Structure formats: structure tokens, C-alpha cells
Amino acid sequence: MATLKKSDEEELIIAHKELAYQNEEKEKRAVELGIANKELAFQNEEKEKRAAELSIANKELLFQNEEKEKRAAELSIANKELLFQNEEKEKRAAELIIANEELAFQNEEKEKRAAELISANKELLAFTYISSHDLQEPLRKIQTFVSIILETENLSESGKYNFQRMQLAAGRMQLLIDDLLAFSRIATTELVFEKSELNVIIDEVRADLKDTILEKLATIDATEIGTANIIAFQFRQLMYNLISNALKFSNPEIPAHIIINSNITKGSKLHNKKLSPEKSYCHITVKDNGIGFEPQFSERIFEVFQKLHGKEVYAGTGIGLAIVKKIVENHNGLITATSELNKGAQFDIYIPAA
Amino acid sequence: MHEMITLNILLADDDKDDRQFFSMALDGINIPTKLETVVDGEKLMDYLSENRQQLPDVIFLDLNMPRKNGFECLTEIKLNQQLNQLQVVIFSTSFEQEVVNLLYHNGATYYIRKPSGFLQFKKIINHTVSLITQENRSKKSREDFVITLQGS
């Protein structure tokens, strides 16, 4: 080594220094690389984690996609179904329109028929009225001639008897004609409602029945009587029938006593299920002290031609109370009868108060 | 007993039988009467205008007559100043309350429904004729307008 030149030595030192420096640098690099390596390894790991997460998310998306496709397919089917149903509904609607038109037509036809029936009915009643009205005259002639014969001719006993029977039959025919007239009159006259004093009507009836009232020694009390919205002409007939009925079926042993009352009362206080509780009614009662009737007949007495006594005992056609009921019905009202045999009778009339 | 004045009656009725019944009925009563008859409403109005000076005391008027009915006659009589004091008794087979009210309103004196037996026929004519001879001419109440027989 001694032989080495100074320059060489210097060069060596330099080289050495250089090497040492390079070494140092390399070591620094190695350390840096190590750090970078670790960093890369960490980043790698992170990326793998992300990749795994993405893979999971992907799978999820794929699944959702599939589900959505399934839903879309289902919706498409449902859509088709709705479209079909819609079409069906339109068809039904069209059918219903046709059916509706048909019903409307039938309805119209029925109304026409009903109107025809009503007019035919009216015609029939008018016919009944006119024919009974015109039957009165020849019948009266027959009766008058029979009575002239009975009075003036010298008849045998059997001849007299036969003419008397003829007279009786003609009398019954007269009753029937009178009642038929009254019955048809109820349906043929116009229904004109007017506020009327019931007292006036009762007084008129009293005047018409004055002979019978005298004969039966009857008193009619009608003190608490008000006004009512009624078809006056028909109501007069109603009162006439009820009062003459009370006189006819009076108890022969005591003077007849008829009490008539009227007042306006709420349906709820009238104890009758057929009345509406919130409506007001004009409640009219006609009460007598006559022979009455058994309770089981309380409905039947209002039917046409229904009688409780033979014609030999009480003359009558069985139309009178039917007329009464018809008149009450024309007033949209209700009538009831309550009685017991030999205990008088009471008629209750309920008419909606205007 | 003082002498009774003869009551002049004019009957307007298209029915032959009813005119006969009426005349027979008058024969049986003890009030002196004189009866003239006409057979429809037109003849009645003619008679009244031809006999202005000797008008009847009372007219018995049927309602249902040809050419001119009883209503028309009553209205004409009551609207005529020379005739409206005449007493008019309506004498009809039918009995319609509305009609009776209208006739009362139109000024008829009485309403009689032709009865179905001759005895009643005589009674009611007798009763009416005596009412006509007795009464003053003041307006009757509605209650007395329709003449009926007691107990018939």
C-alpha cells in the first residue's frame, strides 16, 4: 500500500467517500422503498376491500334489477288485465244504457197504462154515477104508481101483499142507487182542499137529518170543533154518514147522544203506529151511545157491502162506512172504529194538518 | 072560516106522469088552487112573458127539462126585475148537495125532492102549498130550504 501514490490514495478516499455516500443514499432509498412498499401494500389491501364491497353492491344491484324486471313483467300483465276489464266495463256500460233505455220505455208504457186505467176507472165511475142518477126517475115512477094502486084500487089480500113486497124491493133498490151515487160521486169529484169550519159542516148535516134527530130524541154535542184543511163537500158526506149511522144504530131504550170533537195533535201523542210521530194531525172523534158492535168487526165494517145486521132489522146497503173510509183516504188520513156490543161506538179520524 | 084565496100555481115539468101526480096531489088538499102546466123551460119563460099581468103565485120548477133547464129558468127569473119576486119551488128527482146549495144561492124559495110514494107526494105538496100561502117572502134560512116530511 505504501507504494500507492498520493493521488491514488486521494482518489481512493474520494471513491470511498463516494461509495459511502452512495451506500447511504441506497439505504435511504431502501427505507423509502420500504415505506412506499408498505404504503402500496396498504393501498392494495384497501383496493381489495373496495373490490369486495363493489362486488357485493353489484350483486345487490343485479338482484334489484332482476326484481324490477319481474315487477315490470307483473305490471305489464296487470295492465293488460285492467285494459281488458276496462273494455268489459265499457261493454257493460253500453249494455246498461240499452237496458236503461228499455226500462225507461217500459216505465213510460206503464205510466201510459196507469193513466189509461185511471181514466177508464173514472169513466166507469162516471158511468155508474150517470146510470144510477138516471135510474132514480123510472124507479120513483114505479114506486109512485105502486102506491097509487095500493091506495086507490080494491085489491085482494094477496094482491095487496104482492104490491107491498114490490114496494119494499123498490125501496131497497132506491137505497142502493142512492149509495152507489154517493160512492161514485166521491171518486168523480175534484179534490179541492180548503180550510173549512167543521161546525158549519156539522150544522148542515144536522139540518139534513133533523127529522131523524127528532124521531130518535137525539142530541148532538159538537162544541170543541175547529177548522180543518179538507175537501168540504166530501167531508160533509163523511159527517152525514157517521152521524146518520150513529142515529140508525142508536139504543131504542135511551135517547141517542152523539159527541163530536176535534183538535190538532202531534202524531207521537196519538197512540197509533200508522201515524208519523213528527207530523201534526187533525183528530176528529165521533162517539155515540148506541148499540155498538163486537170488537172483531172493527175493520170489516169499513168494507163495501159488509153489514152486521139483516136487512129486515136495519135497512142499509153496506156502502156508507166504505164511503167514509174512501173519503178519509182521499184526505190521506186514517180512520179507526172502537166499540163493544151495547156500549156505543167511537170513530177516530186522523187527517194530516196542513 | 073566512074564504080562502085561490093559489095560482104554475108547474114546469116535462114528465107527463109527474104532471099527473102533481095534479092528483092538488086535488086532495083543502087549499083552493088553480094549476097551469108547461112542458119545458122555454115554454115556461114564454108563459111568463105572455102573462105579465097575471103572474102565478108560485112556480114549481123541475130541473131536468129539454130545451131550457130549471137552472136557466131560475137564473132568468131572478135576473128579471118584473119576475124576481116570484116564488120558485124546485121540484126534482135528484138530490145533489152542491146543486141544492147553488139553487139556494140563486134565489129559489124551497127545494123538494120528488118522493117515491104517492102518499108522501100528496103530503109534501100539501105542506109546501100551505107554507107558500102562510109565509112572508123573507129569505128562508138554509136549514129550512129543503122541505122534507117528518119521519119519512
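Let me start with Arg50(A), which forms a salt bridge with Glu46(A), the closest N and O atoms being 3.6 Å apart. By salt bridge I mean a side-chain nitrogen of Lys or Arg within 4 Å of a carboxyl oxygen of Asp or Glu. Both residues sit in helix 1 (residues 6–152) of chain A, 4 residues apart, about one turn of the helix. Helices here are DSSP runs of H or I with at least four residues, strands are E runs of at least two, and both are numbered from the N terminus.

A word on the basis. This is a predicted model, where local features need pLDDT of at least 70, side-chain atom pairs count only at pLDDT 80 or more, and totals for chains, interfaces and linings use all residues. Residues are numbered from 1 along each chain as its sequence is written, chains are lettered from A in the order in which they are written, and side-chain values use heavy atoms, with hydrogens and water left out.

Over all chains, the search finds 31 salt bridges.

Now the interface. Chain B brings 27 residues to the contact and chain A brings 23, contact meaning heavy atoms within 4.5 Å. Across this interface there are 5 salt bridges. Asp178(A) and Arg113(B) meet in a salt bridge through their side chains, at 3.4 Å, N to O. On the side of chain B that touches chain A, helix 1 (16–27), helix 4 (97–105), helix 5 (118–134) and helix 6 (142–145) of chain B each supply at least two residues.

Last, a location in chain A: Phe305(A) lies in the loop between strand 5 (280–288) and helix 6 (320–330).
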